[in-house]
Amino acid sequence: MKSKVYFTREATPEKVVEIYEKLGVSLPGKVAVKVHSGEKGNQNYLHPEFWKPMVDRVKGTIVECNTAYGDATVGVRDHTDSHLKLIKEHGWDKYFDVDLMDGEGPDVVWPIPNGKVLKENYLGKHIENYDSMLVLAHFKGHPMGGYGGALKQLAIGCASRAGKALIHSAGKTDDRFETWNQHAGIDEFPEAMADAAMSVAEHFRGKIAFINVMKNLSVDCDCCAVAEDPCMKDIGILASCDPVAIDQACMDLIINSDDPGRDHFMERVNSRHGIHTIEAAAELGYGSREYELIEI
């Protein structure tokens, strides 16, 4: 049976809540809401005001993790103190409880017995304090993964600093400085992301939902302090209980668009073999590339 993916062309805070309701899910207990809080200097990330009605709807806690930058000029989210300061500057704590899940160690280690590249995933230990998860992804390009959506939020987004290093190096090292000398191959990196994402998707199986917002469509990620301006017009919002299907649906909307910026966006995706993340995730069996797109 094809996975259901709901779609609206209106990218507003109210429509985020409306499309979530179409899923008919109930996220139990303490809800972790995974967002991208935005790097210092980034102009494209979705601000807390955009997500507020949705986070309020599930009474969730915003969760983030530190980055694995090896170069201090790239950003400030690689240390707990400076990361928390930026979260405050961006206004997240004005509206929500915020949990930097790897703000204190040690990490938790989850096995990935059937992983293509990784055999284990390192995550901020606070992830185990939550009963369910809502993944709010700003769908856009990415300098290394080609694109960022639901699968990236599960993988890189939930991994601790050491976990991010492990993914970027395809399991060779968990040292954030050494990982850039042992970077994964062009197909290894998307496969490592698919592996890491699987561990989180399986942990919250039956208690997780995904919303992708196709707005501010830059080829660069919200993790870039210096990012290109959006190259395409906003497309809308998608929601699903299947992380593979929702990312595939987003990619298909890009591919089938007549927007003049489509080719530039797809050059970024294709040059990084970005769609291979979706392929690998489908092969691992925790989602399907076959979906029914239901426009509301």
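Guide: We can begin with a pairing, where Thr8 stands opposite Ile237 in strand 11. Please keep in mind that this is a predicted model, in which local features need pLDDT of at least 70 and side-chain atom pairs count only at pLDDT 80 or more, while totals for chains, interfaces and linings use all residues. Residues are numbered from 1 along each chain as its sequence is written, and side-chain values use heavy atoms, with hydrogens and water left out.

Visitor: Ok, and which way do strand 1 and strand 11 run, and how many bridges join them?

Guide: Strand 1, residues 3-8, runs antiparallel to strand 11, and four bridges join them; two strands count as paired if DSSP finds at least two bridges between them. Strands here are DSSP runs of E with at least two residues, helices are runs of H or I with at least four residues, and both are numbered from the N terminus.

Visitor: What about strand 10 and strand 11?

Guide: Strand 10, residues 208-214, pairs with strand 11 in the antiparallel sense over five bridges, and Phe210 has Ser240 of strand 11 as its bridge partner.

Visitor: Why is strand 11 described as largely enclosed?

Guide: Five of the five residues of strand 11, residues 236-240, are buried, so this strand is largely enclosed by the rest of the structure. Buried means under 20% relative accessible area, exposed means over 50%, and partly exposed lies in between, using a 1.4 Å probe and protein chains only.

Visitor: Which residues are on each side of strand 11?

Guide: In a regular strand the side chains alternate between the two faces of the sheet. On one side of strand 11 are Gly236, Leu238 and Ser240, on the other are Ile237 and Ala239, and all of these are buried.

Visitor: New topic: where is Gly38?

Guide: Gly38 sits in the loop between strand 2 (31-34) and helix 2 (48-58), and Gly38 is buried, with a relative accessible area of 1%.

Visitor: Which residues does Gly38 touch?

Guide: Leaving aside residues up to four places away in sequence, Gly38 touches Tyr45, Arg77, Leu86, His90 and Asp222, where contact means heavy atoms within 4.5 Å.

Visitor: And the whole chain, how many helices and strands are there?

Guide: The protein chain has ten helices and twelve strands, and 59% of its 296 residues count as buried. Among contacts between residues at least 6 apart in sequence, 75% join residues at least 24 apart.
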